[in-house]
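I opened this model to look up its interfaces and a few backbone details. The entries below are in the order in which I made them.

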Amino acid sequence: MRVWVYGDDINTDMLFPGKYTYTCSTAEEIRPHLLEDLDPQFAGEVQPGDLLVAGKNFGCGSSREQPAVGLRSAGVQAIVAGSFARIFYRAAINQGLLLVECPEAVAAYQPGAAVTLDAQAGEITVGGQTFRFPKLPPEILAIRDAGGLLPYTTRALGG
Amino acid sequence: MGKTFAEKVLARKAGQAEVVAGQIVIVEPDHLLTHDNSAAIVGKIGAELKEFGIARPEMPVIVLDHVIPAANEKTATNHRITRDFVGTYGIKHFFDVGVGVCHQVMVEKGLALPGDVLVGSDSHTCSYGALGAFATGIDRTEAAALLLRGQTWLKVPETIKVVFSGELQPPVSAKDLVLTIIGDIGADGASYSAVEFHGDFTGLSIDERFTIANMGVEMGAKVAVFPVDDVARSYLSSIGVGADRYESVWADPDAHYVRELTYDLGAIEPVVAFPHKVDNVKPVGEGADLEIHQCLLGTCTNGRLSDLEIAAAMLDGRTVASGVRLLVLPASKEVFEAALDRGVIARLSRAGGLVLPPGCGPCLGAHQGALAPGERCVSTANRNFKGRMGCKDAEIYLASPATVAASALTGRLSDPRKMR
């Protein structure tokens with residue numbers, strides 16, 4: 001498992017350039033361009049189970065959901081950040097992507113530190129230190145646990 | 001304890017006597033806005049649409065604006081898929097290529113009204129706070145689910161109160177004001193929060209309020225909202241919306257706020273958001289020597305008639321500096337035609353401006369006016385992120401229409417107060 005570390009205010013243009021927003025919609029089209037203008041190595045090297053650790057206001061900017069779709073499709077286990085911008089926060093829930101809002105864990109992270117996550121317990125361990133992070137309210141957790149908003153909605157409609 | 005705007009409008013919409021910040025409510029939005037992303041949205045739910053249909057044909061508003069006219073086969077096909085969807089499912093509010101930028105169209109067509117709850121798969125949906133609406137951005141998947149089910153959840157936000165006094169001193173304008181606020185509180189300064197504007201803002205026109213509300217998301221806000229006053233009522237009346245069509249909502253005097261800020265508008269000076277963050281705000285003078293290659297006047301932030309008029313007045317009878325490309329994007333066809341009738345387009349064009357169709361154009365780098373490595377653009381748009389205008393090695397400086405026009409004349413980032 002690799003931990004990819006980034007700074008504050010990582011916006012959605014850095015996560016997925018705006019010039020592709022109307023030509024790339026499927027996960028397969030999105031993945032080669034993930035983080036293209038931020039970290040050119042990422043798209044080629046990310047592996048299922050990897051983690052992103054970032055500062056505050058992760059995912060700010062455009063409402064484009066391609067970053068959440070692409071990161072989920074690439075198998076990213078979770079994004080751990082000081083805080084998230086609100087549209088990205090919803091987009092991640094709607095894709096079933098785990099977000100961990102925990103500035104203490106981000107502050108504790110040192111290169112090479114082991115990170116383990118227990119989403120059910122709402123706990124993250126960084127280099128031996130364990131931190132609690134806020135869990136989603138049950139009605140919102142149900143969306144993520146259904147695998148995202150579309151499966152959840154289809155089920156609600158009786159499909 | 002009194003209630004904030006957000007608490008009152010969401011309680012009403014959720015059919016509850018009262019709600020408090022932090023609570024989650026289920027609402028049926030008055031409208032759902034989508035644009036060129038409509039094709040991708042309906043593409044997610046092809047089978048579900050056939051099985052369940054759409055929940056409320058009067059709810060969706062679709063405006064083709066982001067890549068117009070189509071730049072290539074792919075974007076043309078997206079537009080065609082959208083038109084087919086509109087026809088098949090009887091979508092009542094559809095505006096094809098050329099009507100304008102979605103946020104301007106929502107307002108001009110009377111689809112964003114005081115007290116409404118509006119969501120859109122575009123982050124600048126918050127613009128309609130200028131008219132006292134609770135308006136916020138969502139992602140494509142949520143828009144798809146809304147088409148099917150007609151409802152979604154919202155967390156009732158906490159609220160920040162911003163109190164204005166005094167009057168802006170032209171050529172200082174609303175863009176300088178909102179950039180100053182963003183510079184002060186930061187790109188996440190209003191995260192998850194509602195921002196209410198209070199105090200004396202009667203001097204701020206509806207156009208200026210749109211500029212301010214539009215950039216609410218650049219401070220992280222969920223909504224950024226003005227109360228409905230005579231200026232707003234007069235605007236609504238001018239587009240044929242009588243007071244019987246809406247019920248405005250505003251905060252109680254004793255509402256609870258998590259933070260309060262005050263601004264003397266008379267003290268605001270021309271500022272610029274330097275690359276590559278919107279909160280990297282500095283006085284315009286700090287960039288006085290920077291050579292400029294492109295100037296962008298327009299977009300959903302500053303593409304209304306008064307914005308074009310400010311620039312035209314400054315450029316009248318002069319010509320833009322050699323080597324500078326001045327791109328002009330009226331926010332809508334209505335704005336374009338009003339500017340045409342008033343001679344504004346002629347003045348901008350004769351000064352060297354290139355008038356583009358009323359769409360999003362260069363703002364998101366998808367087509368029209370992309371930048372080359374090493375180039376600098378001064379823009380009235382709302383984002384200066386790295387790569388935003390198609391090139392990660394270019395620089396974008398966000399400024400007011402007056403500052404963009406002044407910079408176009410000199411070829412350097414310029415203080416509009418020195419150009420009059």
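The entries cover conventions, the chain interface, the domain interface, an aromatic pair and the backbone.

**Conventions.** I am working with a predicted model, in which local features need pLDDT of at least 70 and side-chain atom pairs count only at pLDDT 80 or more, while totals for chains, interfaces and linings use all residues. Residues are numbered from 1 along each chain as its sequence is written, chains are lettered from A and ligands numbered from 1 in the order in which they are written, and side-chain values use heavy atoms, with hydrogens and water left out.

**Chain A against chain B.** I looked up the contacts (heavy atoms within 4.5 Å) and found 46 residues of chain A touching 52 residues of chain B. The two chains bury about 4000 Å² between them, 56% of it on carbon and sulfur atoms; buried area is the accessible area (1.4 Å probe) that two parts lose on being put together, summed over both. On the chain A side, Tyr22(A), Arg86(A) and Arg90(A) lose the most area to chain B, together 22% of what that side buries.

I then looked for salt bridges (a side-chain nitrogen of Lys or Arg within 4 Å of a carboxyl oxygen of Asp or Glu), and the rule finds five across this interface. I noted the one between Arg388(B) and Asp13(A), at 3.1 Å from N to O. Polar contacts are pairs of N or O atoms within 3.5 Å; within protein, one must be able to donate a hydrogen and the other to accept it, and residues adjacent in sequence count only if both atoms are side-chain atoms. I have 23 such residue pairs between chain A and chain B, both residues at pLDDT 80 or more.

Which helix supplies the largest share of the chain A side? H5(A) does, with eight residues. By class, the chain A side has 16 nonpolar, 17 polar and 13 charged residues; Ala, Val, Leu, Ile, Met, Phe, Trp, Tyr, Cys and Pro count as nonpolar, Asp, Glu, Lys and Arg as charged, and the others, Gly among them, as polar.

**Domains of chain B.** The domain assignment gives domain 1 (5–263) and domain 2 (273–418); such bounds come from an automatic or database assignment. I have their centres, taken over C-alpha atoms, 24 Å apart. They bury about 2700 Å² between them, 59% of it on carbon and sulfur atoms. In domain 1, Val101(B), Pro171(B) and Lys175(B) lose the most area to domain 2, together 19% of what that side buries. I count two salt bridges between the domains.

**Aromatic pair.** Rings of Phe, Tyr and Trp (its six-membered ring) pair if their centres lie within 6.5 Å; planes under 30 degrees apart count as stacked, over 60 as edge-to-face and the rest as tilted. My search of the whole structure finds 15 pairs over all chains. Trp4(A) and Phe42(A) are edge-to-face, 4.7 Å centre to centre with 70 degrees between the planes. Trp4(A) is in strand E1 (residues 3–5) of chain A and Phe42(A) in helix H3 (residues 42–45) of chain A, so the pair ties together parts 38 residues apart in sequence. Helices (H or I, at least four residues) and strands (E, at least two) are DSSP runs, numbered from the N terminus.

**Backbone.** I noted a cis peptide bond from Ile68(B) to Pro69(B), with omega near -20 degrees. Another cis peptide bond joins Pro170(B) and Pro171(B), with omega about 10 degrees.
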